[in-house]
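Here are some exercises to work through with the model open beside you. Try each task before reading its solution.

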Amino acid sequence: MSTDTETRGALGRLRASPFLADLLTNRLAVVGLTIILGMAAIAVYARVTYDLGALASSQLGTEVTDRAPPGWLGPAPATQQLFGTDAAARDIYKRCLYGAWLALKFGTITVGTSTTVGVGMGIIAAYYGDVTDNVIMRTMDVLLAFPPLLLALALVAIFPRDLGLWRAVVALVLVYTPRFARVVRGAALKVLEDEYVDATVALGATDPRILVRHILPNTLAPITVQSTLNFGLAIIDLAALSFLGFGAQAGTPSWGLMLSRGVENGLLTGQWWLSFFPGLFLAITVLGFNLLGDGMRDALDPRMREAVD
Amino acid sequence: MAAPGDPPRLRSYVASRVRLFGSGLLVGLLLGGLGMAGWTLYTGDARASEATVFALGALVFGFGLLGWSGSILAGNGIEAMQEHMGTRSDWTEKDSRRAMARLCGGGGGIMVGTSVVAALL
Amino acid sequence: MNWTQSLFRLVEPVVPPRFVVKRLLLLVPVLFGVASVVFAILHLAPGDPAIVIAGQRASTEQLEQIRQELGLRRPLWEQYLSFLWDAARFDFGQSYSISRGNSVRSVIADRLPITLELAIYGQAAGILLGIPLGIISAVKQDSLTDHVTRIGALTGISVPIFWSGPLLILLFSTYLDVFPTSGRIDSTLFLPDTWTLFGRELPLTGMITVDTVLLGNTEAFLSAAHHLFLPALVIGVYSTALISRMMRSSMLEVIRQDYIRTARAKGQGAKITLMKHGFRNALIPVVTVIGIQFGTLLGGAVLTETVFGINGMGLTIVTAIGVSDYPVVQGTVLTFALLFTLVNLVVDVTYSYLDPRIQQ
């Protein structure tokens, strides 16, 4: 019950701040938000309507033609698919829609986990200071200096192969966590500078209480911005790892894997639909998150903005 | 090694560094020894455990060393850039170097601890 | 500052040699650190090197023999020290599978120039286009140009290389047939291994556009440039988008600062003010970030090489991880780290030239 009040308090503060108002006047951010909501709707629709097993399995031997172009181009539109079919005679349209579900699901898991871990580390570093702070944050700084995709590749080499897409998720969580830790630590330090935390300490509040009640709600805005910016990155990097063969297992309707098959099977033969549609979905989704993230950063309180990159 | 006749400045210079690295080393020794023993009890394969724990130590050691040299390499630049951009981050080269020296010591300790326990087993 | 002074500033050694030497010496611990990490990768990675070499059906005795040969039965600290010694001499032994029987050193020597060439063109395009675009965008903030540039840059970082690459190949190679789909030079052309300068035979660089110029072979140069165009375009667009975004925000930061307003109030023309005070100051943070971004660019090179089937370092590391060819993974990771550090070293020196406050 008390947490309820706390959440409402945080939301109330968010609404009262010019943040939301600024954000909604930013036309590009609204476009981004619309794209994301649309993609989420597609994802849920695909998850409810289609069967993953059917989309992943090869349907060779049925009456469906192998690598047929989109229906509206082909000679006999009635029997053909909107986005055509792939080398295993699977419907690319359905696979693209289902790919939205996979991208958003694994993107959420990746960003959610790195946010949680990063928030924990950042707040602990800010609150305890001294050696704890120094060792945690400097480690994060060094991790930040590594090129993201190359670090992820090196990590992927360490994890067992049978983890499948989870291998990519774990690698990317390690890559992204430092960003969140840094943002949160910066924001938390500013909150700690405010007098009321001192006052709470004087009143005898215990450590975890101060962390959860006072510091966390006040760092919500920068965390949200960083998460949004990172969401686009996570989706693109997950797809990249799948594309390189270190993510989704063969047959999975993930955009990265579909693109990889499209490059393998369709480039020389001119079967453009194999790679065009999955890439289009991927690019639009990422653009949506980048538009929204940029808008949010601009709308953010300048005091908090500097930490977000 | 600080000889008794050395000027005090050098002695404190060495001592502070030895203390940083040494505190990490002690923690590492403990972690490495316990890790090696515990992992062997858990998996029952001393050779594989030695490889895993030692490799983790090498990872921490290498990471610390990288961070240490990286802080010196890029430290001035980063500090100046933050000052230039007016961002109020309290990153300093010194802090970073010290944290990395600790990590480096810790990694080294893990490697030594693992090897000692492995030799005893 | 008149023009003679500026000229002198370019000629005199503005960066003290000690500054550079200190940084070069630091490369030793950097590589030592990377080597330790790389050693850890081999021992933490799943799978048994002996099985990778001998195959799944090898007998237990065979596997045991290979393990003995590889030194995997010695105590770990012994393996670690000998690995460091080998790494110091850049000797990672022989490739297990992707280039079986060849030393990792020769594999890297073959493939590094290919990636370097791609990365250099990409970075050059990014700097030459990204910086001016960012400045224009900042100076004309909220104008149509600004909006177009910003949306373009945002699209540039949102469109993955492994989508734009295939689409360009489909359009320009498969359908229009104006660019080749893959390869580095026309298959009918052969390049010698050496070139001659004043009667002395010298080895070639391995960067094909440079080599063809050294050889004075115009036809081969045109063919190489023709092959390199699409991959360099893909990576160049990406790097342009990244740099123009950074340059814009850095320039805006500077324009907002007081001294620019003061200078303007003193009656200097807006353009001169901007060039004199703004550009140099805005460039400082961007230069630092360009070094860090070079890593992102190398990541981009991995994807570009995979799309265009260019057999450089990127494709090599991806293949090597896929088939657990650990010596090659170790060698390529170390090389990437060295490359990344060297670029950042150059950036650091450039940076201290731009902002002499940091030379101490």
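A contact means heavy atoms within 4.5 Å. This is a predicted model, in which local features need pLDDT of at least 70 and side-chain atom pairs count only at pLDDT 80 or more, while totals for chains, interfaces and linings use all residues. Residues are numbered from 1 along each chain as its sequence is written, chains are lettered from A and ligands numbered from 1 in the order in which they are written, and side-chain values use heavy atoms, with hydrogens and water left out.

**Exercise 1. Describe the fold and surface of chain B.**

Step 1: Begin with secondary structure, where helices (H or I, at least four residues) and strands (E, at least two) are DSSP runs, numbered from the N terminus. Chain B has three helices and zero strands, giving α-α-α along the sequence.

Step 2: Turn to contacts. Among those in chain B with a separation of 6 or more, 71% join residues 24 or more positions apart.

Step 3: Look at burial, where buried means under 20% relative accessible area, exposed over 50% and partly exposed in between (1.4 Å probe, protein chains only). Of the 121 residues in chain B, 44% are buried.

Step 4: Finish with the surface, using accessible areas from the Shrake-Rupley method with a 1.4 Å probe; for residues, only the protein chains shown count as cover. Chain B exposes about 6300 Å², and carbon and sulfur atoms hold 69% of that.

**Exercise 2. Check the span of helix 8 of chain A, then look for a bend.**

Step 1: The expected span is 1.5 Å times one less than the number of residues.

Step 2: Helix 8 of chain A bends by about 30° at Y176(A), with the proline P178(A) following within four residues.

Step 3: Because 23 of its 29 residues are buried, helix 8 of chain A is largely enclosed by the rest of the structure.

Technical notes
The bend at a residue is the angle between axes fitted to the seven residues ending there and the seven starting there.
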